[in-house]
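Here's a quick briefing to read with the model open beside you. Have a look at the structure first, then work through the points below.

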Amino acid sequence: MKLIQESSKTKIVSNIVVAIVSFYGISQKQFDLGQPTLFNKVVTEVLAPVQEGLASSKKSFSSLWENYLSIVDTSKRNQILTKQISRLENDLTSMEEIRRENSRLKKLLNYSEELSHQKVLAQVVGWDSANEFKVIRLNKGSRHGIKTMAPVITDHGLVGYVYKTTDNYSDVLTILDQNNRVDVLVERTRTHGIVEGVFNFKCTLKYITKNEPVEVGDKLMTAGVGGIYPKGIKVGMVTDINKENFGMTQTIDVVPSVDFDKLEEVIVLIPTEGTVAEAAVPTADRQAGDRLSEETKK
Amino acid sequence: MRMRFSQLLISFAITVALLIGLEIVTSTMLPAFGWKEYRLTFNVLIVLFLAIRLESPAVPWMILGLQVVHSVFSIEGWALGTLAGLIVMSSANYLKELLHLTTAIMTMLTVQLFQFIWFLTVTVIICLKISDFDKFPLILWSFIPGSVFLSLIAPVLFWILEQIWRVPKDVGPRGVEI
């Protein structure tokens, strides 16, 4: 009887201590920018190569599956021929894949050439394992020059920013996450707003007053305010507008310009000396900006 | 049934290894094959097993340990899941005499019920942190598809965990005492 009482006392004390520790953890910031803990660093460095290996073996898995299916129920000769064809097709698919990858990388590099930052090309090797957060893991880290708060883009537009780095890997908080708020400009009307991630791969544009003439189809780009993202990077497009009956602002749905379903390679922009936010405007915008400032001076 | 402390450490180490394997499946393999919209939060399922099937003062610490490992794969961190795990464990303690995980269907229903309590807790805390309760239904709903899938595979995973923790078939609703 005494033993049972002692055990339940220990249990209650354990529960209370762990609850206090977790309440403390929750009361801290949602996530910490900067260096991860030693435990986090070691486990990430050990396990991320496994993630990287699995991510890159995706093609082999799919091709194995397809080849297996294709040789079932055929005669011996047919099997040999099918194997040969399948091998050739595989080669062709691989070449086609390499061609597509080349073209993607070319586009990516051409796009990023317009930005006056140091660029690091990286591959996506993992996603956050919790449903409510949208974070991706890249196969490049501080050893490759990646720093926290570095913006991450593709040729289609903005992906997010780096919030954690280890020597060889870094984690990116995408614009799909509700913790990531991007200061944006509506391209057509030059209205400022904040894009925030909601759930299921969608975003919302906030703080746009009802009298602003924003329309469905309007394109959004980074405003260059806040010191993280350079000005002029594509963010998304307005897909739905709801002017509520009460309140001063409109509810605007935004679809990101980056297709996060097909995200494979990204570019991390490392700010160089003197390139803060507004320095990295794509050529067209930069030229337009220069013209505008010259006219203003006149 | 009582379990020795040394056996607990071995079983816990195997459970951590299993969690790491499943986290890699969730964070890398499934997204690589196009499953990106919903994550399968296997850590929830493993914590549920510990909370429902084990009877020990060490369980809160094991939940904390598992959540710390989970935090390597998720920005969510360890704290949110630990608190949710403790709440689920306390609810399970009250309902333990009513829980009979003897059939696959009962296991699925029980796991779905406790997952709902877990996600309700997590959703409330997220809404408090972002100071926006308008998103409450949206956030809660986003957990449901993944949780249904997890409930469907719960009998298999619970069977594996029962082998790891050496839970005998006739152990009764209170589970293994450590």
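Helix H3 (residues 59-70) of chain B runs for 12 residues and spans 16 Å from its first C-alpha to its last, close to the 16 Å expected at 1.5 Å a residue (the expected span being 1.5 Å times one less than the number of residues). Keep in mind that this is a predicted model, where local features need pLDDT of at least 70, side-chain atom pairs count only at pLDDT 80 or more, and totals for chains, interfaces and linings use all residues. Residues are numbered from 1 along each chain as its sequence is written, while chains are lettered from A and ligands numbered from 1 in the order in which they are written.

**Helix H3 of chain B**
- H3(B) is mostly covered, with 10 of its 12 residues buried (20 or more other C-beta atoms within 10 Å of a residue's own, C-beta atoms being placed from the backbone).
- Among the buried ones are Met62(B), Leu66(B) and His70(B).

**Where the chains meet**
- The contact (C-beta atoms, placed from the backbone, within 7 Å) takes 41 residues from chain A and 42 residues from chain B.
- On chain A's side, helix H1 (2-27), helix H2 (38-56) and strand E1 (118-127) each supply at least two residues (helices are DSSP runs of H or I, at least four residues, and strands are runs of E, at least two, numbered from the N terminus).
- H1(A) gives the largest share of that side, 12 residues.

**The barrel in chain A**
- Six strands close into an antiparallel barrel, in the order E6-E7-E8-E11-E10-E9 (strands pair if DSSP finds at least two bridges between them).
- Strand E8 (residues 203-206) and strand E11 (residues 251-256) of chain A run antiparallel, joined by three bridges.
- Thr204(A) stands opposite Asp253(A) in E11(A).

Conventions
Contact = placed C-beta atoms within 7 Å.
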